[in-house]
Amino acid sequence: YCFMAILPGSHEVTLMKLAKKNTASIFACDEADVFDSWQSSKAGWDTGEATLTNTDVFINVWEQVHKQGKYMNFDWTAKVDADAVLVPSRLKQHISALRPPANRAI
């Protein structure tokens with residue numbers, strides 16, 4: 001099971017649609033979902049650097065995944081960014097090579 005969270009109105013929407021059109025990324029998984037996210041805020045550091053504070057976004061999306069429950073029908077779940085390259089068949093090979101024990105997180 002694979003999913004992504006995209007920011008409506010952003011370039012992520014275009015990337016997601018392209019992946020869907022080509023049955024690529026999460027859309028090559030056994031099951032896939034797309035969830036809306038929202039703009040993260042920024043936090044400053046004493047160094048003058050800033051970082052995104054997106055923990056609340058991730059928690060909300062994972063809560064949506066949990067509530068929907070589809071992930072329970074699959075051996076593994078992958079959260080994939082719209083701008084990331086995912087080849088699900090390769091991921092399956094790598095996970096299988098680990099010989100994970102049944103019903104245990106890896």
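A disulfide is taken here as a pair of cysteine sulfur atoms within 2.5 Å. In this predicted model, local features need pLDDT of at least 70 and side-chain atom pairs count only at pLDDT 80 or more, while totals for chains, interfaces and linings use all residues. Residues are numbered from 1 along each chain as its sequence is written, and side-chain values use heavy atoms, with hydrogens and water left out.

A search of the whole structure finds one disulfide, which joins cysteine 2 to cysteine 29 with an S to S distance of 1.9 Å. Cysteine 2 lies in strand E1 and cysteine 29 in the loop between H1 and strand E2 (32–36), so the pair ties together parts that are 27 residues apart in sequence; helices (H or I, at least four residues) and strands (E, at least two) are DSSP runs, numbered from the N terminus. The link is left-handed, with -75° about the S-S bond, and both cysteines are buried, that is, under 20% relative accessible area, where exposed means over 50% and partly exposed in between (1.4 Å probe, protein chains only).

A nonpolar core is a set of buried Ala, Val, Leu, Ile, Met, Phe, Trp, Tyr and Cys residues joined through side-chain atoms within 4.5 Å. Within the largest such core, of 15 residues, Cys2, Met4, Ile6, Ile26 and Leu86 touch the most other members, and strand E1 (2–6) and helix H1 (11–21) each supply at least two residues. A second, separate core of six residues includes Tyr1, Phe3, Phe35 and Val65.

Arginine 99, in the segment after helix H3 (88–97), counts as exposed at 72% relative accessibility, and its phi is near 50°, a positive value in a residue other than glycine.
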